[in-house]
Structure formats: structure tokens, C-alpha cells
Amino acid sequence: ADHARLRALAERDWGRERLVASSRAAYLWLPRGVAKSPVFEALQKELGKNATTRNLATWEKLIALAEA
């Protein structure tokens, strides 16, 4: 159910922002940040608080820890 809703959001035109949905995750490109993002707002409205987010810097740190 969540995947179908994510795919519907991903098909919308978000201007410079991007949303790509896979079967296990959603990837967002938010050049102006999350605070003023219409994509993120729609995502929260659709999924509620059933999602967590990580920015690229956090992912890089997690990968470095896993590889250590």
C-alpha cells in the first residue's frame, strides 16, 4: 500500500526536487533542504510518521563505520 502511494507521488512533477521510489526505500533530492520542501511535506502527509530520513553526510558516516 505504501509503495503504491510512493509511486504515485514519484510520478508528479516536483520542479527541481526529485522523488524516486523503490520497493524498499524512497530517495529524495531536495536542493533547498527539507524544511521548505513540498516533496517532503507530501511524503509526510501520505506516510505520516512511518518514515525516517538520513541526509547524504549521515549515510557517508554510516558507510565509513560499517567498513571500519
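Okay, so this protein has three helices and two strands, where helices are DSSP runs of H or I with at least four residues, strands are E runs of at least two, and both are numbered from the N terminus. It's a predicted model, so local features need pLDDT of at least 70 and side-chain atom pairs count only at pLDDT 80 or more, while totals for chains, interfaces and linings use all residues. Residues are numbered from 1 along each chain as its sequence is written, and side-chain values use heavy atoms, with hydrogens and water left out.

Starting at the N terminus, the order of elements is α-β-β-α-α. The C-alpha atoms fill a box of roughly 40 × 30 × 20 Å, taken along the principal axes.

Now, the helix pair. H1 and H2 pack at an angle of about 155°, and their axes are 11 Å apart; axes here are lines fitted to C-alpha atoms over the stretch in contact, with angles from 0 to 180 degrees between N-to-C directions. That makes H1 roughly antiparallel to H2, a label used for angles over 145 degrees. Who makes the contact, meaning heavy atoms within 4.5 Å? From H1 we have Asp2, Arg5, Leu6 and Leu9, and from H2 there are Ala42, Leu43, Glu46 and Leu47. By class, that's five nonpolar, no polar and three charged; Ala, Val, Leu, Ile, Met, Phe, Trp, Tyr, Cys and Pro count as nonpolar, Asp, Glu, Lys and Arg as charged, and the others, Gly among them, as polar.

On a 1 Å grid over the protein atoms alone, a pocket is an open set of points where a 1.4 Å probe fits, with protein on both sides within 12 Å along at least five of seven lines, and lining residues have an atom within 4 Å of a point. Of its 24 lining residues, Ala26, Tyr27, Leu28, Thr53 and Arg54 are the closest to the centre. Which element gives the most to that lining? S2 does, with four residues. Overall, the lining has 14 nonpolar, seven polar and three charged residues.

Technical notes. Parallel < 35°, antiparallel > 145°, perpendicular 65-115°, else oblique. Contact = heavy atoms within 4.5 Å.
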